[in-house]
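This briefing goes through selected local features of the structure shown below. The points are grouped by topic.

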Amino acid sequence: SDIEKGTYPHFMLKEIDEQPFVMRKIIQEYQDDNDDIKLDKDIRKAMKKCDRVYIIAAGTSYHAGLIGKEFLEKIAEVPTEVHVASEFSYNFPLLSENPLFVFISQSGETADLRSVLVETKKLGHPALTITNVPGSTLSREANYTMHLHAGPEIAVASTKAYTAQMAVLAILAVDTARAKGIELDFDPMQELGIVSNAMEALCDQKEVFDQIARDYLSTTRNCFFIGRGSDYYVGLEGALKLKEISYIQAEGFAGGELKHGTIALIEDGTPVIALATQEHVNGSIRSNVQEVVTRGANDCIISLEGLDREGDAFVIPKVHRLFTPLVSVLPLQLISYYAALHRDCDVDKPRNLAKSVTVE
Ligand code: G6P
């Protein structure tokens with residue numbers, strides 16, 4: 001079927017706006033009539049049986065995998081490693097006794113992932129593919145599949161698939177926790193509903209992000225994203241988005257690592273976008289911001305309701321502490337979009353990039 005942009009100037013903007021609906025769709029699809037999680041029983045068994053999860057992915061899906069590790073370890077107590085597919089394929093680490101491989105891929109066609117899957121199958125290890133395309137190669141060749149239900153993603157820069165991947169990984173983690181008898185003090189579907197509302201609120205304030213893009217990014221050569229913990233992982237995704245579509249050299253760094261080298265790059269006016277959405281590191285990330293501001297950086301702090309301070313560029317609505325990445329990435333997606341627009345870049349089809357990479 002033909003996917004249309006409708007009244008949208010770009011698929012990317014349309015897909016950013018679709019994220020609240022994708023969240024609701026995921027809630028629907030993964031909930032049964034008793035409000036329990038609806039999941040293939042064999043996936044549940046495989047998750048319970050494994051002693052370690054190996055997440056294999058590339059690009060934006062790799063960044064979703066980093067958050068997936070947080071979910072699986074903190075919610076389900078399953079040790080998890082996250083690997084870039086193209087590295088893993090020729091450099092297998094020492095594997096645990098009962099590994100479960102989780103392939104995260106929007107397209108389900110990425111060749112770097114497939115070459116890992118071929119090898120892990122030879123070794124007899126089970127594989128779960130999490131994808132937006134159920135009939136895709138990685139989906140067919142794995143033992144199990146989970147569907148993202150994000151609808152077709154056309155823009156090369158991935159947005160709604162990334163948030164859908166995190167949501168599905170959270171559901172997988174909660175299901176595993178329940179199967180293992182771990183008591184949880186939150187309902188994932190309720191929290192995803194709150195996430196959906198928060199996303200909607202952000203999508204209604206596009207002019208703010210347009211203005212941030214104008215103020216910070218219309219002429220700069222580079223930009224840094226900093227954060228700690230999951231904010232750092234979301235910063236990596238923010239930097240990738242900005243690079244992909246605006247061609248600004250952008251990098252994400254762990255706040256505490258700046259002083260070990262990168263801070264040398266800070267000059268008068270260098271934009272530094274900081275995420276401050278985690279209570280336990282709110283003080284430390286803010287002192288990292290102070291360190292760069294002292295050296296001339298133009299700081300842009302995106303914080304969370306309740307953790308915000310005067311001068312923050314944007315405050316996102318409060319959501320469950322584990323789910324903040326699903327919301328905090330939206331400002332970064334929108335800022336990248338408007339930066340690309342102001343710099344006259346081809347938002348939906350950036351140079352040198354393909355939506356799915358089927359060569360190794
Ligand atoms: C390409 C795309 C990226 C994407 C990556 C992984 O490089 O340009 O946006 O994140 O592939 O794609 P996948 O379909 O495996 O998630």
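Aspartate 231 counts as buried, because it has 28 C-beta neighbours inside 10 Å and 20 or more are enough for that class. The model is a predicted one.

**Aspartate 231 and the E6-E7 unit**
- Aspartate 231 is part of helix H11, which covers residues 230-246.
- Leaving aside neighbours within four places in sequence, the contacts of aspartate 231 are Leu275, Ala276, Thr277, Gln278 and Ile285.
- Strand E6 (residues 222-227) and strand E7 (residues 249-254) run parallel and are joined by six bridges.
- The chain passes from E6 through helix H11 to E7, giving a right-handed β-α-β crossover.
- Phenylalanine 224 has glutamate 251 in E7 as its bridge partner.

- In soluble globular proteins, nonpolar side chains tend to be buried together.
- The largest nonpolar core here holds 122 residues, and those touching the most other members are Ile56, Val102, Phe103, Leu128, Ala167, Val168 and Ala173.
- Helix H8 (residues 160-179) gives the largest share of this core, 13 residues.
- Isoleucine 56 touches His83, Ala85, Phe88, Phe101, Phe103, Leu113 and Val116, when residues up to four places away in sequence are not counted.

**Loop residues with positive phi**
- Glutamate 77 is not a glycine, yet its phi is positive, at about 55°.
- Glutamate 77 sits in the loop between H4 and strand E2 (80-84).
- Glutamate 77 is exposed because 12 other C-beta atoms lie within 10 Å.
- Histidine 149 also has a positive phi of about 55° and is not a glycine.
- The loop that holds histidine 149 runs between strand E5 (144-147) and H8.
- Histidine 149 counts as partly exposed, because it has 19 C-beta neighbours inside 10 Å.

Conventions
Residues numbered from 1 in each chain as written. Predicted model: local features only at pLDDT ≥ 70, side-chain atom pairs only at ≥ 80, totals over all residues. Core = buried A, V, L, I, M, F, W, Y, C linked by C-beta atoms within 7 Å. Helix = DSSP H or I, 4+ residues; strand = E, 2+ residues; numbered from the N terminus. Contact = placed C-beta atoms within 7 Å. Pairing = 2+ DSSP bridges. Right-handed = clockwise from strand over helix to strand, strands pointing away.
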